[in-house]
Amino acid sequence: MNELTELRTEPSEEPFSPQPRRRRREGRKQRSRGRRALRWALIGLVVVILAVAGGAWWMVNQVSSSIERIPGAFDIPEDQRPPAAEDGSLNLLLAGLDGEDSADDFERGAARTDAIMVVHLDPGRDRGYLISIPRDTWVPIPGEDENKINAAYSLGGPSLYVQTVEQLTGLRMDHLAVIDWSGFRALTDALGGVQLTFDQEVVTADDTVYEPGTHTLSGEEALQYVRERKGLPGGDFDRVKRQQNYLRALMNELLSSDTMSDPGKLLDVTGSIGEAARVDDGLSATDMVGLGMSLRDLRSDNVTFLTVPTNGTGTVGSASIVVYDKENADLLWTAVREDNVEPFLAEHADLVTGESVQ
């Protein structure tokens with residue numbers, strides 16, 4: 001059956017350096033630019049920009065009018081969906097698609113989801129959890145055989161993707177956001193780059209080496225940071241941590257006073273999101289205003305980033321997969337559903353992505 005291999009993990013992570021030191025690692029060929037591992041970031045930023053826009057209705061409406069809608073994302077028989085939360089909590093499903101300009105193609109076979117994230121916001125909207133599901137996680141897909149979870153979107157479009165995650169988690173998804181690669185660099189550059197602090201030497205996918213310290217990464221440099229996995233001890237698991245680490249830095253930048261006090265910068269940022277993001281057709285401008293107002297006090301310090309429990313990696317046939325830890329994952333999803341996540345995390349602190357990331 002599955003030949004399991006041990007999951008390798010090795011996490012690691014001060015004032016701003018205007019000219020960060022970086023170099024190329026000698027003896028390695030520069031690999032071609034990759035686009036696959038970066039869609040994740042913009043997904044969460046749809047949520048973040050709504051929080052930023054809490055007191056600025058004009059900006060929410062601008063974002064809403066520029067974001068295209070996904071038709072039929074929730075065309076799922078009601079008896080095949082989990083019940084809606086009764087406590088006012090909110091679940092947002094995020095998808096980062098593989099392929100250029102793939103966010104506009106909602107048909108079967110269009111793309112796979114390179115990043116899968118569930119964002120849970122508590123009833124008071126002052127606490128959030130962003131839970132990543134590794135793309136190679138082997139799960140049941142409704143109406144199909146078991147497969148890697150990133151195949152669900154390709155096999156049946158947005159609605160099958162939603163249904164797969166709902167049945168896996170037992171959580172009803174309230175909204176869906178889909179992002180492709182194109183806006184990632186534009187958004188980062190619109191912010192003037194994003195600062196990341198490294199406690200040790202960091203190598204990116206194009207062989208750039210960052211010395212320990214604080215660095216401001218442009219959109220292209222950020223792309224190379226988040227797409228690296230082969231040189232990381234935990235492979236794709238460590239790449240997920242880089243994705244989350246960068247998203248946290250983006251949130252901090254979006255919520256900074258420099259961004260909030262600069263109308264031109266705000267317009268650039270909202271325009272970049274509008275070009276890249278797609279949301280379900282049930283999320284109206286009014287809904288966005290309401291959500292933005294409800295999130296006005298949310299900050300990155302109140303968002304916990306974590307990865308769903310797994311049992312390492314394995315193989316099915318010739319495919320390399322991530323083995324889903326159903327027992328512990330079910331405990332996590334139950335804790336999320338009951339808005340009682342902290343006790344679970346106290347016993348599973350290894351799932352949380354901390355401030356120090358390699």
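How many helices and strands does the chain have?

## Overview

The chain has 11 helices and 16 strands; helices (H or I, at least four residues) and strands (E, at least two) are DSSP runs, numbered from the N terminus. This is a predicted model, in which local features need pLDDT of at least 70 and side-chain atom pairs count only at pLDDT 80 or more, while totals for chains, interfaces and linings use all residues. Residues are numbered from 1 along each chain as its sequence is written, and side-chain values use heavy atoms, with hydrogens and water left out.

## Burial and surface

Of the 358 residues in the chain, 57% are buried (under 20% relative accessible area; exposed is over 50% and partly exposed in between, with a 1.4 Å probe and protein chains only). The accessible surface of the chain is about 15,000 Å², and carbon and sulfur atoms account for 46% of that surface. Areas come from the Shrake-Rupley method with a 1.4 Å probe; for residues, only the protein chains shown count as cover.

## Helix H10

Helix H10 covers residues 326–337.

Ala-329, Leu-332, Trp-333, Ala-335 and Val-336 are buried in H10. Seen down the helix axis, the buried residues fall within an arc of 155 degrees, so they line one face of H10; the arc is that of the directions from the axis to the C-beta atoms. Lys-326 and Glu-327, on the other side of H10, are exposed. Asp-339 follows H10 and has a positive phi, near 50 degrees.

## Lys-241

Lys-241 lies in helix H6 (residues 236–254). Lys-241 counts as buried because its relative accessibility is 15%. Between Lys-241 and Gly-354 the C-alpha to C-alpha distance is 8.7 Å, although they are 113 residues apart in sequence.

Key
The expected span of a helix is 1.5 Å times one less than its number of residues.
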